[in-house]
Amino acid sequence: MTAIPPRWCCAATSADARMQKRYDPLTAREGQIRNGMKGARKLYVKSFGCQMNVYDSQRMADTLAPEGYVETATAEEADLIVLNTCHIREKAAEKVYSELGRLRRLKQAAAADGRSLLIAVAGCVAQAEGDEIIRRAPTVDLVVGSQNYHRLPDLVARAARGRRVVDTDFPLDDKFDHLAAPSRTATRARGVTAFVTVQEGCDKFCAFCVVPYTRGAESSRAAEKIVTEVERLADAGVREVTLIGQNVNAYHGTGADDRPWTLARLLERLAGVPGIARLRYTTSHPLDMDEDLIAAHHALPALMPQLHLPVQSGSDRILTAMNRRHSRSDYLDVVARLREARPDLALTSDFIVGFPGETEDDFAATLTLVEEVGYAGAFSFKYSPRPGTPGADMSHQLDEAEKSDRLQRLQRTIDRGQAKFNRACIGRTLSVLFERPGRHRGQIVGRSPYLQPVQIDAPPSLIGEIADVTITEVASNSLFGALASPFPSPRNGEVREGSEPGGSLTTPRTAVGGSTLPFPEREKIAGAGA
Ligand code: SAM
Ligand code: SF4
């Protein structure tokens with residue numbers, strides 16, 4: 001069992017502090033001073049879509065901090081609003097335009113107050129639609145594609161001078177080399193878990209998906225840069241890191257030895273970063289689930305027993321039409337090997353219903369796959385034809401009513417699996433990393449190794465700690481319980497040999513009810529799902 005320096009272990013020496021000072025980018029305050037500004041300018045960033053956008057939004061805020069921008073949670077008081085958009089389904093893109101309608105009124109109100117408000121659209125809608133956004137929504141000052149965030153300070157300055165700016169090139173330079181790292185204060189404010197993008201783009205070209213067009217070709221960040229980023233996060237108190245990428249398990253970044261590292265090798269390296277107790281990764285493609293990565297689920301205690309492995313459909317005919325390049329049995333084979341490596345692995349997935357040509361028999365095959373795998377949860381979507389993708393031009397498009405009916409039936413099956421998994425947790429003791437205060441007074445919320453939200457009554461001083469919790473009750477998305485034993489109050493410098501990494505010592509490493517776990521904030525799709 002690896003000893004994990006606990007969060008309260010104040011082991012940083014003054015030399016460490018000096019290093020930290022040197023590494024830290026300019027904070028917003030320092031940025032204001034450098035810019036000779038009297039008051040801070042306020043930045044409001046709204047993220048749509050996946051975790052990659054959440055990560056990008058944080059990095060945009062970090063990059064604008066030296067320009068004097070301080071984040072606000074209130075759009076009404078912002079001087080700059082950035083919508084970080086998602087283009088994956090039509091509904092997701094349309095949400096952006098309806099949000100821009102609201103922002104137009106906000107901009108008018110700011111002007112009436114004698115303030116100027118800049119509005120920027122970033123992310124995949126920006127990348128896909130470019131100038132068209134300004135044509136449809138003239139309130140927008142700046143459109144910036146997903147590869148160009150490092151240029152934001154310059155682009156914002158140009159927009160502030162009254163120019164309409166559109167920057168959606170795919171530059172050759174790596175944006176990660178130019179994006180500012182978060183300050184220690186910003187990291188602390190974001191909590192004890194963090195996302196780190198390790199891979200971007202996709203070369204798989206599934207017939208329904210815009211990602212290869214909006215995010216470009218697959219590329220991986222150099223391993224040592226990721227290690228440095230994770231060390232900085234750990235130093236600021238982060239205990240759990242989720243490596244993210246559109247196709248994260250295709251990771252092949254250059255390692256310290258100048259050779260391409262696999263995701264398994266990277267995870268092994270990160271498991272050795274002091275302070276990091278838990279690792280996860282998402283989202284994976286079944287084809288890229290190599291033997292090393294499967295073995296890592298057995299070998300690395302810090303790698304949590306939970307995996308999001310999208311399959312999209314249970315029908316071979318539809319998988320072929322989707323250009324998924326794997327069959328139902330290939331997928332089941334990967335699942336079997338994963339469960340052999342880690343019997344209690346909680347699996348979740350993505351499904352699309354109503355892909356062109358999907359028959360009732362094809363759909364029935366999806367339902368049987370859900371039952372056979374025993375998912376702990378899943379996202380499910382109605383197929384949304386995306387302009388420019390092969391699926392959009394296919395014949396035999398299904399009507400909305402048919403798609404809605406199938407979506408509801410699929411979601412009922414998924415819900416039953418999730419409820420079964422959650423019920424099987426009653427009476428078990430799970431290790432929980434506490435992340436934040438709960439909704440009710442005296443309550444704190446954390447995550448189980450399987451990513452289930454777990455709520456207990458306990459003091460907020462436990463936030464950032466990992467403790468064993470005995471589960472007493474379950475609701476549709478959360479577990480409730482109590483500390484399995486009183487949590488010893490920490491002493492400075494103390495190193496606790498604990499229940500992490502690798503899940504609770506008391507967590508049996510056996511499959512739970514043939515199924516597995518939890519879904520974070522489950523996307524409930526009434527309608528098209530975005
Ligand atoms: N890379 C992941 C994979 O290979 O499965 C998926 C990434 S994609 C950003 C997230 C999910 O959105 C997909 O798994 C798919 O279920 C869904 N999705 C993508 N395009 C879609 C479309 N045109 N209509 C409906 N759902 C879609
Ligand atoms: Fe989209 Fe994932 Fe397919 Fe790539 S592998 S095209 S990101 S669904």
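Q: What is the bridge partner of R41 in strand 2?
A: The bridge partner of R41 there is Y69, and strand 1 (residues 41-47) pairs with strand 2 in the parallel sense over 3 bridges. Strands pair here if DSSP finds at least two bridges between them, while helices (H or I, at least four residues) and strands (E, at least two) are DSSP runs numbered from the N terminus. Please keep in mind that this is a predicted model, where local features need pLDDT of at least 70, side-chain atom pairs count only at pLDDT 80 or more, and totals for chains, interfaces and linings use all residues. Residues are numbered from 1 along each chain as its sequence is written, chains are lettered from A and ligands numbered from 1 in the order in which they are written, and side-chain values use heavy atoms, with hydrogens and water left out.

Q: What is the strand order in the open sheet of 6 strands?
A: The order is 2-1-3-4-5-6, with parallel pairing. Strand 2 (69-71) and strand 6 (165-167) stand at the edges with a single partner strand each, so one side of each has no neighbour in the sheet.

Q: And which strands does helix 4 touch?
A: Helix 4 (residues 90-112) packs on the sheet and touches strand 1, strand 3 (80-85) and strand 4 (118-122), its direction making about 175° with that of strand 3. Contact means heavy atoms within 4.5 Å, and angles, which run from 0 to 180 degrees, are taken between N-to-C directions of lines fitted to C-alpha atoms, for helices over the stretch in contact.

Q: Switching topic, what is the order of the open sheet of 3 strands?
A: That order is 12-13-14, again with parallel pairing. Strand 13 (residues 346-353) pairs with strand 14 over 6 bridges, and in strand 14 the bridge partner of S349 is A378.

Q: Where is the cis peptide bond?
A: The bond from T282 to T283 is cis, with omega near 0°, and T283 sits in the loop between strand 11 (278-282) and helix 13 (291-299).

Q: What about the phi of F205?
A: F205 is not a glycine, yet its phi is positive, at about 55°. Most residues other than glycine have a negative phi. F205 lies in the loop between strand 8 (199-200) and helix 10 (211-214).

Q: How accessible is F205?
A: F205 is partly exposed, with a relative accessible area of 39%; buried means under 20%, exposed over 50%, and partly exposed in between, using a 1.4 Å probe and protein chains only.
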